[in-house]
Each structure stands twice: as structure tokens, then as C-alpha cells.
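These are my notebook entries on a predicted model. I record below what I looked up, entry by entry.

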Amino acid sequence: MQALRTAATGMAAQQMNVEVISNNIANMNTVAFKKQRAEFQDLLYQTFEAAGTQSSDQGTIVPTGVQVGAGVKAGAVYRVQTQGSMTRTDNPYDLAIDGRGYFQVLMPSGETAYTRAGNFAVNDQGQMVTQDGYLIEPAITIPADAVQVTVSKTGQVQALQAGQTAPSVVGQLELSTFINEGGLQALGDNLYKETAASGAPTNGTPGAVGVGTLVQGYTEASNVDAVAEITALIVAQRAYEMNSKVISTADNMLATANQVKA
Amino acid sequence: MDNAIYVGLSKQMILRKEMDIIANNIANMDTTGFKVESMMQKTDPQQPAYTFGGPRPVKFVSPDGVARDFGQGSLVKTDNPLDMAIEGEGFFQVRNSQGARFTRDGRFTVDNNGRLVNQKGEAVLDDAGGEIQIDPEKGQVSVGADGTLSQGNERVGKVGMYDFATPGVLEKAGDNQFRNTSNQQPTVAAEAKVRQGYVESSNVKPVIEITRMVEVSRSYERTAKMIDSEAELSRRSVERLGKLQ
């Protein structure tokens, strides 16, 4: 019976939905996390009687036809790229991006990854690194005797060294933008990788046309809305239950058919 | 006399198909832009081979098409700037390798060439049947109620909304899309409104589907019972006729 299989696709899709929602909730406090959403599509339809076919010699046509669908599938799981709110940390190496763009991170493999999580730190050589110790590009080295580090909205890094009155420029941060941010591939650890779908990155200084600006001393919070996620979770759970109900009803119908006395 | 069994069987076959449709509705409860369907049935008079007391029409049950409710689904806020929902009658048109497809699923995005596309990467067409180009560098896209896309002060295109005089000519093609099965040309829907940052959820009403499912299941049992008693009747008559001899 088709209904059994159809309901099974419904249960599988809702299970996937719950997985996506739980990942969102788990990452509610992850810096710069972008919530994801499972997108559903109906499956192919089996046509028993096509709409528009002639039903008589008089030229009358079947107005609607008979089509039975095979259920649902989870299509793309896409990221919602809205801005997360700014959280004040007062850490001079915490940089939030207001607007479009990603920091470039040099992976140990030599590849470049992209991130919006600007909670950086300084390593033993004074280089600005991510929390995993990966270097950011272009490389910024903070002098060992720096007493104050400021990052301007446009990404200029200045350090005030001990015994000096004026800060000196130690580097310029860049942001990469993509034509299709949704096409980036998540690598975990808040990192993303460029793909054919995202298009090649365009590097620019923060504050240029189409590029976001930097805010020092803040991190970008995740854009997960707890209330919306919990509501979605309830809907998914009920939909799952309802599909299981379809399975038991279809099963009952099959049992009825089996009980007919021969 | 066996007619009754076959009439019952014709009803059961419809009920199973109806169950499949209900299962599909429930499975797609959460599918954006999904339109609920229901089975229609008709009586199909056939001449019987023989009925006691002269020929009488026996009415079988046969499918009479699937009714599709194109009613508005509720709008769900997503805040995604390229999510669009249609309020009123009309469809977005996308183009894939097999031709034009119509959809109410307005979760669009921009591909690596800057085209406005759906989640499968198929180009969304404007009101003249052309593709729409968006340059993300120009900033936030805003969508007017008539589908006009603009970035800042610059108009970059207009999402086309198309309508059919008889939406029954559309056939579901899967992936939340419909296919035109006739020569009827779609017209630009002037009445429809686009809501930016919303998607249209399915118009499946779970309570109704569950109620119908219970109805189908009970009706199936009832028919099975009828077939049973009919078989019982013929068994008894064979027994009695045997005794008379």
C-alpha cells in the first residue's frame, strides 16, 4: 500500500527537521552561528489519469485527472544569513562584522577558510589567530610591548607601544564577500569553505561598497531565535506523530483485507 | 449475485487510493507552497451480466479526478530577505531543462552568477519571462507588493506572477512545482501580492485529514464486512440448494 511508504517519507523528513532544529538550538550561543532550515519538497506523482486527456469522441476532456503523490523529501538544508545581534565582550581582539563579509583563515592544510566568528586571540609570536590557533589573513602581528590595540571600523589595526605617545599602524584587515553566501560549505568550528555554488571570494576592506564594517570589543551572536525554534520543534513532533498514525491506519486497512473470509 | 462483491471491491480500490492521497497530504503538512488534494468519486453504471428479477443497472464506484484546493496557505515569517510568499491567486514561474514550471514556493536565493534562483538553482522569471539579475554588492534587496525588486533606489527587476483561467490544467510535477498540461497560456496575475520575508506554508489542515483518514478506514472495514456477508450468503445458498436435491 502506497500510504505506508508515503507516511514513512513523512516521518523521515520530520526526523531530519528535528535534527536541523536541535542543531540550531545546540548552537544558540555559538559565535556568529547562522541558523539552518530544512526545506521540504513533494516527491514525484504517479498519474493514473492525466488531466487534459480526451474522455469522449465529442472532445470533452478530463478536467483534473488522478494523480497520487509519493510523499515528501527533505530538499536543501539552507542557512539563513541574517545578521546576528552584537554582544559586548570588551576584549580588544573580539571583532564583529556588521554587514556582509567573512574573515579569511589560513588552515593548517594551506587552504583558506572563511569565518564570521571574530573572537580572535594572539599567539606566542604575537600573531592574531582564531580560537583554534589558525592564522588569519592578511597576517597581523601585534608588537610584544603593545599596551593598547585598536581596530577601526574599516579594519585598520593600530597598536600603542609602551613608551610612545602615538599608536602605530600594524596591519589592515580584509573581508571576503561571496555572491551567494548560502553556497558556502560549513566545515565545523565556525568555518566555511568556498564552493562552486558560492562563487569566488571578492576581497575588500571593511566599509567599502558592499562590505560590512568591523566592531571592536563585540562578537556577533547566533541568529537563532529560541522561541521560533521551539515552536518549529513542536510542529515537527506533531507532524511526526500524525505520519505514524497514517501508518497504523494503513496497517489496519491491510489487516481488514486479510480478515475477509475466503 | 457476485455483482455486490465487485461493487464492494470497486469502492475498496477507491478508498485505498484515497488513503494514499491523505497520506501524501499529511506527509507534506510542512511543505512550503503545497496544495492539499482530495479524491473525488463517481458512480459508474455498468450493465450486469444477470440480476435476479431482470437487468438492473449496477453502479460501480470509479475515480472522478483529484480535486486540488488552491486556497491560500498561511504565511510564515522567516525574515530571509529573498523568501517571498504570494498572497492571492498566482504562481511564480521558474525555468528548468524541461521547460516552464509554476510554484508557490518562494524560497529564493542568488546563484554564483547573480541570478535569482530557487533552491534547486532554477532561474526565477520576471513578468516578461526573462531572468532576474541581482548584485549582492548593491545592498539589501527589497521586494514591493507587486513583485518589484529594488536595491537602494535602483530597480533591478520584477518577479513575475502568473495565473491560469482554470488552474485545473496544472499537474503536480514534484519538488513543489506544477506543470501546465494544456495550451492555455498563463496571464500575468495583477491581483496577487508578494510578501517579502515570508513563505507560504501548505494549506493542509491536519484535523480534517485525520478525520478523513478515520472515515476512509471505517468505510473500508464496512465494505469488507459487506463483501464478507455477501460471500456468506452465497455459501449458504449453495449449501441449501445442495440439500434440496
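**Entry 1. Strand pairing around β15(B).** The strands β14(B) and β15(B) run antiparallel and are joined by 4 bridges. In the hairpin that these two strands form, 2 residues lie between the strands, and B:D175 takes a positive phi near 50°. I then turned to β6 (residues 99-103) of chain B, which pairs with β15 (residues 177-180) of chain B in the antiparallel sense over 2 bridges. Here B:T103 is placed opposite B:Q177 in β15(B).

**Entry 2. The open sheet in chain B.** I asked in what order the strands of the open sheet lie. The order is β10-β11-β12 (chain B), a sheet of 3 strands with antiparallel pairing. Why is one side of β10 and of β12 left without a neighbour in the sheet? β10 (141-143) and β12 (154-158) of chain B stand at the edges and each has a single partner strand, so one side of each has no neighbour there. From one strand to the next, the twist averages 30°. Between β11 (residues 148-151) of chain B and β12(B) I noted 4 bridges in the antiparallel sense. Within this pair, B:T148 stands opposite B:K158.

**Entry 3. B:K158.** Neighbours within four places in sequence aside, B:K158 is in contact with B:D126, B:D127, B:G147, B:T148 and B:L149. I also checked B:N113, which is 45 residues from B:K158 along the chain; the two C-alpha atoms are separated by 18 Å.

**Entry 4. Nonpolar cores.** I looked up the largest nonpolar core and found 57 residues in it. The members that touch the most other members are A:Y114, A:I136, B:L116, B:V124 and B:V159. For B:V159, I listed the contacts beyond four places in sequence: B:M84, B:F92, B:V124, B:D126, B:I132, B:G147, B:L149 and B:V194. Apart from this core lies another, of 38 residues, and among them are A:L43, B:I14, B:F34 and B:M213. I note as background that in soluble globular proteins nonpolar side chains tend to be buried together.

**Entry 5. Helix α2(B).** I compared the span of α2(B) with expectation: its 39 residues reach 57 Å from first C-alpha to last, close to the 57 Å expected at 1.5 Å a residue. I then asked which residues of α2(B) are buried. They are B:E209, B:M213, B:V216, B:S217, B:Y220, B:T223, B:A224 and B:I227. An α-helix has 3.6 residues a turn, so residues three or four places apart point the same way. The cover over the buried residues of α2(B) includes α2 (226-259) of chain A together with α1 of chain B.

**Entry 6. The contact between the chains.** I looked up how many residues each chain brings to the contact: 52 residues come from chain B and 59 residues from chain A. On the side of chain B that touches chain A, α1 (3-27), β2 (58-68), β7 (108-110), β14 (170-174) and α2 (206-244) each supply at least two residues. The most comes from α2(B), with 10 residues. By kind, the residues of this side of chain B divide into 20 nonpolar, 18 polar and 14 charged.

How values were computed
Residues are numbered from 1 along each chain as its sequence is written. Chains are lettered from A and ligands numbered from 1 in the order in which they are written. This is a predicted model: local features need pLDDT of at least 70, side-chain atom pairs count only at pLDDT 80 or more; totals for chains, interfaces and linings use all residues. Two residues are in contact if their C-beta atoms, placed from the backbone, lie within 7 Å. Ala, Val, Leu, Ile, Met, Phe, Trp, Tyr, Cys and Pro count as nonpolar, Asp, Glu, Lys and Arg as charged, and the others, Gly among them, as polar. A nonpolar core is a set of buried Ala, Val, Leu, Ile, Met, Phe, Trp, Tyr and Cys residues joined through C-beta atoms within 7 Å. A residue is buried if 20 or more other C-beta atoms lie within 10 Å of its own, exposed if 12 or fewer, and partly exposed in between; C-beta atoms are placed from the backbone. The expected span of a helix is 1.5 Å times one less than its number of residues. Two strands pair if DSSP finds at least two bridges between them. Axes are lines fitted to C-alpha atoms, for helices over the stretch in contact, and angles run from 0 to 180 degrees between N-to-C directions.
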